[in-house]
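Colleague: Before we discuss this fold, could you please show me the sequence and the model side by side?

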Amino acid sequence: GAQVISNGNSYDESKFNAQEIAEKNNYIYVDGANEDKLIAGVATYSLEIFDEIDPDFIIVPLGAGSGASGACIVRNGLNKKTKIIAVQSSASPAGYLSWKEKQLTESKSNSKCEGLATGKGYELPQSILIDSLDDFVLSEEKEIFSAMKIFLLNTKSLVESAGASTLAAAIGLKKKIKGKKVVLVASGGNASVNNLIEALKL
């Protein structure tokens, strides 16, 4: 079977280490963001959403950006009027800053939400998001962990912090989305023990 190597405290550190291993061993490195086929694969969940409902808004968590860019591609391809909103932690805002400034930007990455903790924008997803994303919001870490707790207590779903960020964003946007059909992409069940403790302390 495959050898699993866990090396790095963040997405960016792990990516760098994986690239070094690939180069040393003549492996093919598959990027977690700048791969068109990866984005196409992630985009299938957006196809499934539109098969079930025509939402007014889809709120998507953003780390490297494959999910949000995939949602934009599907929405555009189906010629829908749905607004796509991305959310990232204010403690790791590189994706947000890259989209806002319309150029790849590096920034601090101190988020405890593993799926949102990236320190730079990624070229392929950002090229799609800059053209097609309707809005992008930042949520505070406390808001995200509070949303994680709300999911757990009210839906009995253990949603990882990145996925819970969409609920945090929706709460912050409640006036804008009130009375609308809203889909929250609560992706990922990889809640770490530390994240769970953070949520339950609130």
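Colleague: Not counting residues up to four places away in sequence, which residues does L133 touch?

Modeller: To touch, here, is to be in contact, which requires heavy atoms within 4.5 Å. The model is a predicted one, in which local features need pLDDT of at least 70 and side-chain atom pairs count only at pLDDT 80 or more, whereas totals for chains, interfaces and linings use all residues. Residues are numbered from 1 along each chain as its sequence is written, and side-chain values use heavy atoms, with hydrogens and water left out. Once residues up to four places away in sequence are set aside, the residues that L133 touches are C72, I84, I85, A86, W99 and I128.

Colleague: Which residues of the largest nonpolar core touch the most other members, and which element gives the most to this core?

Modeller: A nonpolar core is a set of buried Ala, Val, Leu, Ile, Met, Phe, Trp, Tyr and Cys residues joined through side-chain atoms within 4.5 Å, where buried means under 20% relative accessible area, exposed over 50% and partly exposed in between, with a 1.4 Å probe and protein chains only. Of the 21 residues in the largest such core, those that touch the most other members are I58, V60, I84, L129, L133 and F136. At least two residues each come from helix 3, strand 1, helix 4, strand 2 (83-89), helix 5 (94-101) and helix 6 (123-132), these elements being DSSP runs numbered from the N terminus, with helices (H or I) of at least four residues and strands (E) of at least two. With four residues, the element that gives the most to this core is helix 4.

Colleague: How many residues are in the second, separate core?

Modeller: Among the members of this second core are C113, I144, V159 and A168. The core is separate, and its number of residues is 13.

Colleague: Why do the buried residues of helix 3 line one face?

Modeller: In helix 3 (residues 44-52), the buried residues are S46, I49 and F50. These residues line one face because, seen down the axis of helix 3, they fall within an arc of 90°, the arc being that of the directions from the helix axis to the C-beta atoms.

Colleague: Which residues are exposed on the other side of helix 3?

Modeller: The buried residues of helix 3 have a cover that includes helix 2 (36-42), strand 1 (57-61), helix 4 (66-77) and strand 4 (182-184). On the other side of helix 3, the exposed residues are E48, D51 and E52.

Colleague: What is the relative accessible area of N79?

Modeller: N79 is found in the loop between helix 4 and strand 2, and its phi is positive, about 55°, although N79 is not a glycine. Most residues other than glycine have a negative phi. N79 counts as exposed, with a relative accessible area of 68%.

Colleague: Where is K102 placed?

Modeller: K102, another residue other than glycine, has a positive phi near 60°. K102 is exposed, at 57% relative accessibility. Its place is in the loop between helix 5 and helix 6.

Colleague: How far apart in space are L158 and L196, C-alpha to C-alpha?

Modeller: L158 sits in the loop between helix 7 (141-155) and helix 8 (161-172) and is partly exposed, with a relative accessible area of 41%. Leaving aside neighbours within four places in sequence, L158 is in contact with M148, L152, G188, G189, A191 and L196. Although L158 and L196 are 38 residues apart in sequence, their C-alpha to C-alpha distance in space is 8.7 Å.
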